[in-house]
Amino acid sequence: MKKGIHMIENLLSQMTLEEKIAQLGSVHAYQLVENGSFSSKKANDLLRHGIGQITRLIGDPDAEPQTAAEIGNAIQRFLKKETRLQIPAIIHEECLSGLTGRGATVFPQAIGLASTFCPELVEKMTAVIRKQIRSMGGHQGLAPVLDIPRDPRWGRTEETFGEDPYLVSRLGVAYIQGLQGEDLQTGVMATAKHFTAYGISEGGRNMGPARAGERELREVFLFPFEVAVKEAQVGSVMNAYHHIDGIPCTASQFLLTKVLREEWGFSGIVVSDYEAIKMLETLHHVVQNSKEAAQKALQAGIDIELPDTICYGEPLLETVWEGLISEELINEVVRRVLTAKLHLGLFEDEIYINPVLVPSLLDPEENRQLALEIAQASIILLKNDGLLPLKKDLKTLVIIGPNAREGLHLHGDYSYSVHIPSVQAWKGKKAVWQDSVNTVNIFEGIKNKLPQGEVLYAKGCDLSGNSQEGFEEALEIAKKAQVIVAVMGENSGLFQQSISGEGSDRSDLELPGMQGKLLRELSRLNKPIILVLVNGRPLALQWEKENIPAIIETWYPGEEGGNAIADVLFGDYNPGGKLPFSFPKELGQLPVYYNRVSLAFNQYISTDAQALFPFGHGLSYTRFEYSDLNISPKEIKSLEKIAIQCKVKNIGHQAGDEVIQLYIQDPIASLVRPVKELKGFKRIHLEPDEERTIVFTLFPDQLAFYDEYMRLIIEPGLFNVMVGSSSEDIRLSGQFEAIKEFQLTKYRHFKSEVIVQ
């Protein structure tokens, strides 16, 4: 490492100011291409001083992945042979639910990953993505999303791991560890985003302001990022677009320097969200021009401008020439960028990749099997009046709904096949909506289960709009059914080219368009109905819960979604997913997140404040019995660990998964505390009559909160322990007591340990 540090200092000493500032900028890969090939002329224009990052090489819509990899080699070769200091570039890609590249495996969207309550599966997925990105020439992935939404009208709800900071932190760590691997020399630098409180935008509107005090920021919205930095050693952080209390996150020295670097010791790089620095001028109106935007962002702590160099080029140069920014600060930031490149192995002799291998890495069979496994684990049985699982001797099954035969509707917003067309359409270009992988739609998955039965289909209505033109056909076909499967919900994409996704925010949470009305018409036929939801956010489904006998939530389950859903419908897979979000009964209840304070549960005139389906909810085709809670010790007099033990038994007739959830409540505190907080969970598989003992080791640090003086303390007093199958389905409860006050200063435990005996 000393040799590397010496090399970086040697490079810095040789660099001109122009070469230094070039390391803080970025260039889109397509800007270096002409007629489908790398252009030396364009490279001479854009890369003559070097460059910090190349944007979206594999995600380029105009190049096949193998060709893109060849272009990547050419870019790096130019930088190493044709620039004075021979510094390669970091190439970044999007990878939220799989690598955003043509033909790459499409895994379930993040909200589905969260529903597995299984960090091990998340880490497996990102280990696959790591191999893909590295083998195709990339080095950085712009994920995971660690935002905590509280208003599901927000379109990016689907990109998150849910409403609970503990769950988000555990899945975030798994995501980062799988992506970065054991050594960044062969790993992919993860990017924790969006820093911070982006998921509580006012009115659920994208980029809307956030309302949160410092205590709530630290305890809830900053918590997953703190864990990502301190435990997972995340290599990069990306700012959020919005502002908090009038200060844009892009220009927040408090967030990007005081908290992130000084308090947490983050030593990686901070990259701007796309065009966020320019937005200080164009959207936030806190600066007059690009030069002031560059000054404000750099001084706050943004190291690299993405996706193009707008403010961190000539405008940033001018700030140094005019003495507004010191060259010492430029050196400090460049040093961080070069160190990141060192850690990624970019100064090694051989950084080129073999493009011939690319096609075999995109979507091999083992990737599809993992996509299926994750999709199966993500599906949540919200309601079942005994209709499920279906028998395979059905003679006539009818599938109705706008999501039944559309493979693209099973993709999340950063899947290549919906992401790229969404961007193109938003920019007014001709968009080609074509699946780049073989996505198994729901009709196909069900049809495969009933080769001898008759499977009929009618769309019924569009996802949105007021047309009822397809009602008559759907109702006529439905009359022939033994069972109706209604496949409804939303689709994903970007910037209002879809019903959910980035920039696609809603003002209501009902089933969109005429879907709800169609479902009511179908229910009048008095046929058994299963509602299969394909959507990106919690929906208000009170009528559906009261009138439809079976409901399953599938989110956007990816390329194997149709098979996974069919497996659950016919009992070949026993659903074990749990809700990472609380579902409201109606829009006016919001927010309904489970870990509110007690006064937030006051009733309305027309309804209560309880969720329709609570956080952690999810049924099974079998039943689980909890027993024998034991808490030891009952009193903690120092920072000693607490063992919370119970038994869980499968008392049904089928094997199945259960997610055991541990909640804690501080019932009397000096400040108002939540009614309960998740502090541990474990997904286990049990055969019929099998019983296992679960032991949670809870660390006292996990009981801490920020007091009136912003000290992180554990107060003396009783703590309630709750173990159950959801945040409302508590099966066992007990107490322990903290005898004295503790103040935490340095090291902190962020998670409980779990052993299954």
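**Pockets, a buried glutamate and aromatic pairs**

The largest pocket has a volume of about 900 Å³ in this structure, which is a predicted model. Its lining comprises 35 residues, and those nearest the centre are Tyr274, Val423, Trp426, Lys427 and Phe495. Two elements, strand 7 (189-195) and helix 17 (416-426), each give two or more residues to this lining. Helix 17 makes the greatest contribution, with 5 residues. Classified by residue type, the lining of the largest pocket contains 14 nonpolar, 13 charged and 8 polar residues.

The volume of the second largest pocket is about 580 Å³. It is lined by 30 residues, of which Glu219, Val220, Arg673, Pro674 and Glu677 lie closest to its centre. At least two lining residues of the second largest pocket come from each of helix 7 (165-180), helix 8 (214-221), strand 22 (677-686) and strand 24 (705-706). Helix 8 supplies the largest share, 5 residues. The lining of the second largest pocket is made up of 16 nonpolar, 11 charged and 3 polar residues.

Attention was next given to Glu559. This residue is located in the loop that runs between strand 17 (550-553) and helix 22 (561-569). Glu559 counts as buried because its relative accessibility is 0%, where the cut-off for a buried residue is under 20%. The side chain of Glu559 forms a polar contact of 3.0 Å with the side chain of Arg368. When residues up to four places away in sequence are left out, the residues touched by Glu559 are Ala104, Thr105, Val106, Asp363, Arg368, Ala371, Val437, Asn438, Thr439 and Val440.

Aromatic pairs were also examined, and the structure holds 16 of them. In one of these, the ring centres of Phe195 and Trp264 are 6.0 Å apart and the ring planes meet at 70 degrees, so the pair is edge-to-face. The two residues belong to distant parts of the chain, 69 residues apart: Phe195 is in strand 7, whereas Trp264 is in the loop between helix 10 (253-263) and strand 11 (269-271). Both Phe195 and Trp264 are buried. Strand 7, which carries Phe195, is also one of the elements that give two or more residues to the lining of the largest pocket. Elsewhere, a cluster of residues linked by ring pairs consists of Phe117, Tyr166, Tyr594, Phe615, Tyr663 and Phe681.

Note on methods: Residues are numbered from 1 along each chain as its sequence is written. This is a predicted model: local features need pLDDT of at least 70, side-chain atom pairs count only at pLDDT 80 or more; totals for chains, interfaces and linings use all residues. Side-chain values use heavy atoms; hydrogens and water are left out. Helices (H or I, at least four residues) and strands (E, at least two) are DSSP runs, numbered from the N terminus. Buried means under 20% relative accessible area, exposed over 50%, partly exposed in between (1.4 Å probe, protein chains only). A polar contact is a pair of N or O atoms within 3.5 Å; within protein, one must be able to donate a hydrogen and the other to accept it, and residues adjacent in sequence count only if both atoms are side-chain atoms. Contact means heavy atoms within 4.5 Å. On a 1 Å grid over the protein atoms alone, a cavity is a set of points where a 1.4 Å probe fits but cannot get out, and a pocket is an open set with protein on both sides within 12 Å along at least five of seven lines; lining residues have an atom within 4 Å of a point. Grid points are joined across faces, edges and corners, and a volume is the space filled by probe spheres set on the points. Ala, Val, Leu, Ile, Met, Phe, Trp, Tyr, Cys and Pro count as nonpolar, Asp, Glu, Lys and Arg as charged, and the others, Gly among them, as polar. Rings of Phe, Tyr and Trp (its six-membered ring) pair if their centres lie within 6.5 Å; planes under 30 degrees apart count as stacked, over 60 as edge-to-face and the rest as tilted.
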